[in-house]
Protein chains: 2
Amino acid sequence: MKTYSIARSRRIRSTPYTSRIEKQGVTAYTTYNHMLLPAAFGSLEDAYHHLKENVQVWDVAGERQVEISGKDSGKLVQLMTCRDLSKSKVGRCYYCPIIDDKAGLINDPVILKLGEERWWISIADSDVILFAKGLAIGNKFDVKIFEPNVDILAVQGPKSFKLMEKIFGKKITEMKFFGFDYFEFSGANHLIARSGWSKQGGYEIYVENTKSGLALYDKLFEVGKEFNIKPGCPNLIERIESALLSYGNDMDNDDNPLECGLDKYVNLETEVNFLGKEKLKEIIKMGINRKLMGVIIDAKEISVSKSIDLIDDKNLKIGELRSGVYSPHFKKVIGIAMLEKPYYEVSQTFKISINDSTFEGKVCDLPFI
Amino acid sequence: MKTYSIARSRRIRSTPYTSRIEKQGVTAYTTYNHMLLPAAFGSLEDAYHHLKENVQVWDVAGERQVEISGKDSGKLVQLMTCRDLSKSKVGRCYYCPIIDDKAGLINDPVILKLGEERWWISIADSDVILFAKGLAIGNKFDVKIFEPNVDILAVQGPKSFKLMEKIFGKKITEMKFFGFDYFEFSGANHLIARSGWSKQGGYEIYVENTKSGLALYDKLFEVGKEFNIKPGCPNLIERIESALLSYGNDMDNDDNPLECGLDKYVNLETEVNFLGKEKLKEIIKMGINRKLMGVIIDAKEISVSKSIDLIDDKNLKIGELRSGVYSPHFKKVIGIAMLEKPYYEVSQTFKISINDSTFEGKVCDLPFI
């Protein structure tokens with residue numbers, strides 16, 4: 001497949017780590033929240049195997065923060081998500097679908113509770129800050145909303161624990177999943193969470209002090225030599241196998257969280273007030289009409305740049321593939337697809353056209369592994 | 001300068017024209033409103049000369065529409081912009097800075113008044129739809145807000161008038177600048193405006209019927225042969241020479257419209273209610289502290305991927321370059337820069353470092369040509 005270069009400009013911001021990853025061999029970018037996000041360092045498959053066995057450092061500065069603080073900050077944050085945050089604790093991360101009044105997804109961030117009246121919304125690719133500002137202004141909420149100078153470094157892979165222990169000490173290995181705390185390095189305190197967009201384990205370092213963060217970047221590679229460290233980025237194969245959903249790819253504003261299998265983050269039996277609550281109750285009453293499922297396709301390669309129809313024996317469209325990749329584990333193409341009712345059952349078969357050839361596929365549960 | 005490829009996915013949507021422009025030789029993309037926007041067809045300079053003398057068709061589907069309709073639509077649209085729209089007319093386009101309650105820019109769209117209670121906001125690169133939804137929900141406005149299926153084709157260049165006349169007849173040449181009307185082609189009515197992101201003249205076709213739009217795309221190239229038509233895209237040289245500001249490049253949420261020279265779109269002496277009105281009055285009272293200006297630099301090349309400091313003889317930062325390009329017309333680098341007070345005067349000199357060499361530059365008025 002022919003490749004095209006990415007044009008550079010201030011509008012698609014570089015990150016503090018861009019010059020480093022370019023020296024380290026980044027080969028492709030995507031954009032994320034108006035910023036460069038590395039998308040490949042050579043072979044996707046090599047990076048997949050490396051990630052599952054070693055440790056990688058990812059420049060994921062594109063995962064921007066929306067900081068909301070002030071007297072009404074809790075009210076505003078709760079208004080935006082269908083997950084009940086009334087019992088949320090300072091020092092914890094919460095995966096939260098953000099939806100509008102029609103229950104359409106707007107983002108699926110991790111929300112960090114920094115204080116009783118201070119939150120970071122660590123966003124997927126859409127301008128949540130504009131939604132928050134609009135709601136705050138319209139509701140006359142007493143809040144401050146801005147994008148702080150935070151550029152996340154993710155440290156991912158099974159050897160990330162040993163590596164981070166060498167730099168930050170034993171305490172960092174005792175942190176629970178989706179917990180966060182502050183750790184000192186080179187004259188600055190860094191918020192570090194046990195989180196990240198892979199299922200191989202690891203951390204996300206919320207770098208506010210750029211100078212210290214760059215020193216930490218170099219330190220990770222220096223200490224990481226013995227763990228076979230490499231620069232990396234979110235890996236399409238690993239994230240699909242693990243069913244880590246991607247906003248904009250697998251779901252968007254035309255989908256609701258129930259269609260996307262996010263039921264456990266939809267808390268309707270609570271007193272808290274959030275947008276789309278009545279709409280979600282209606283949807284549950286009527287039942288959903290489609291569902292995000294896994295698919296396995298008897299093909300050896302695929303490149304998804306838009307939805308691809310899934311059709312049945314009668315050439316009827318029964319769903320659409322939204323993400324897909326060749327999995328070296330399954331030796332087939334795997335993907336994430338939105339299937340229409342009643343076709344979203346496991347083992348449902350379909351046909352799909354890839355590069356003008358037709359292939360057979362089957363619906364399955366998520367995650368794959 | 002090394003180039004990097006752009007990774008493809010559903011999150012960065014293709015346009016209906018993507019397969020055509022790839023056959024026609026697009027070489028680079030950027031992204032715009034979560035969509036692919038062509039950024040080069042080979043040489044930037046060749047495209048610049050061609051655009052100034054002939055006619056080009058641009059795939060600018062990334063310029064998405066936010067449709068706002070309903071009883072309170074006028075109130076919501078006015079709330080978002082500091083330009084007085086109380087005398088706006090159906091069938092006209094309006095360039096409108098969108099600002100928040102702190103007078104920070106959120107976008108600088110062209111707003112089309114489709115009916116007394118129906119508007120399209122033709123946006124630059126930020127999710128204005130989320131701001132509009134937040135404001136509408138918070139204010140309990142009676143409006144419908146969605147992104148319609150509109151994929152703009154721009155026809156730009158001095159020969160665009162002759163070309164469009166051949167396809168749509170004499171009437172289209174009589175349309176005034178920033179007017180729009182409906183024109184039939186291949187079974188569909190297309191909204192066509194006399195507008196576009198160049199100063200070389202031309203039209204924007206708001207394609208809603210994709211099938212007819214694709215037929216029109218092919219027709220433009222067929223009829224356009226005699227006018228030396230080529231596929232193209234917004235041209236960095238032409239747009240900087242003409243001082244067409246780019247949101248995200250030349251200005252962003254940290255800037256207000258008065259700093260960006262958009263004074264004539266700031267209407268404070270009216271009764272209409274919009275966000276940031278009091279803040280803008282305050283700013284006018286205190287005076288602005290910096291201003292967007294043109295700069296000319298004694299250099300032969302530049303690539304701007306983030307702000308570059310402008311310094312004075314004492315190594316004091318007096319401003320920052322935000323966009324820049326080598327201009328074959330001036331035989332120098334020209335650019336758009338934010339200059340601090342009191343350095344934003346014409347003929348102010350500065351130094352700038354480009355690829356580790358230092359160059360001399362001078363502040364000038366916009367536009368260049």
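This is a predicted model: local features need pLDDT of at least 70, side-chain atom pairs count only at pLDDT 80 or more; totals for chains, interfaces and linings use all residues.
1. Start with how the two copies sit.

2. Residues are numbered from 1 along each chain as its sequence is written, and chains are lettered from A and ligands numbered from 1 in the order in which they are written. Scores are ipTM 0.97 and pTM 0.97. Chain A averages a pLDDT of 97, with 100% of the residues at 70 or above (pLDDT is the predictor's confidence in each residue, from 0 to 100).

3. Now the sheet. In chain A, five strands make an open, antiparallel sheet in the order S6-S9-S10-S5-S11. Its edges are S6 (93–95) and S11 (144–146) of chain A, each pairing on one side only. From one strand to the next the twist averages 20°. Strands here are DSSP E runs of at least two residues, helices are H or I runs of at least four, both numbered from the N terminus, and two strands pair if DSSP finds at least two bridges between them.

4. Inside that sheet, S9 (residues 110–115) and S10 (residues 118–122) of chain A are joined by five bridges. Leu112(A) stands opposite Trp120(A) of S10(A). Helix H3 (residues 73–80) of chain A lies across S5, S9 and S10 of chain A, at about 135° to S5(A); axes are lines fitted to C-alpha atoms, for helices over the stretch in contact, with angles from 0 to 180 degrees between N-to-C directions.

5. Have a look at helix H4 (residues 128–138) of chain A: ten of its eleven residues are buried (20 or more other C-beta atoms within 10 Å of the residue's own, with C-beta atoms placed from the backbone). Among them are Phe131(A), Ala132(A) and Lys133(A). Just after H4(A), Lys140(A) takes a positive phi of about 55°.

6. Finally, Val155(B) touches, beyond its neighbours within four places in sequence, residues including Val55(B), Met164(B), Tyr203(B) and Leu220(B); contact means C-beta atoms, placed from the backbone, within 7 Å.

Note on methods
Two residues are in contact if their C-beta atoms, placed from the backbone, lie within 7 Å. A residue is buried if 20 or more other C-beta atoms lie within 10 Å of its own, exposed if 12 or fewer, and partly exposed in between; C-beta atoms are placed from the backbone.
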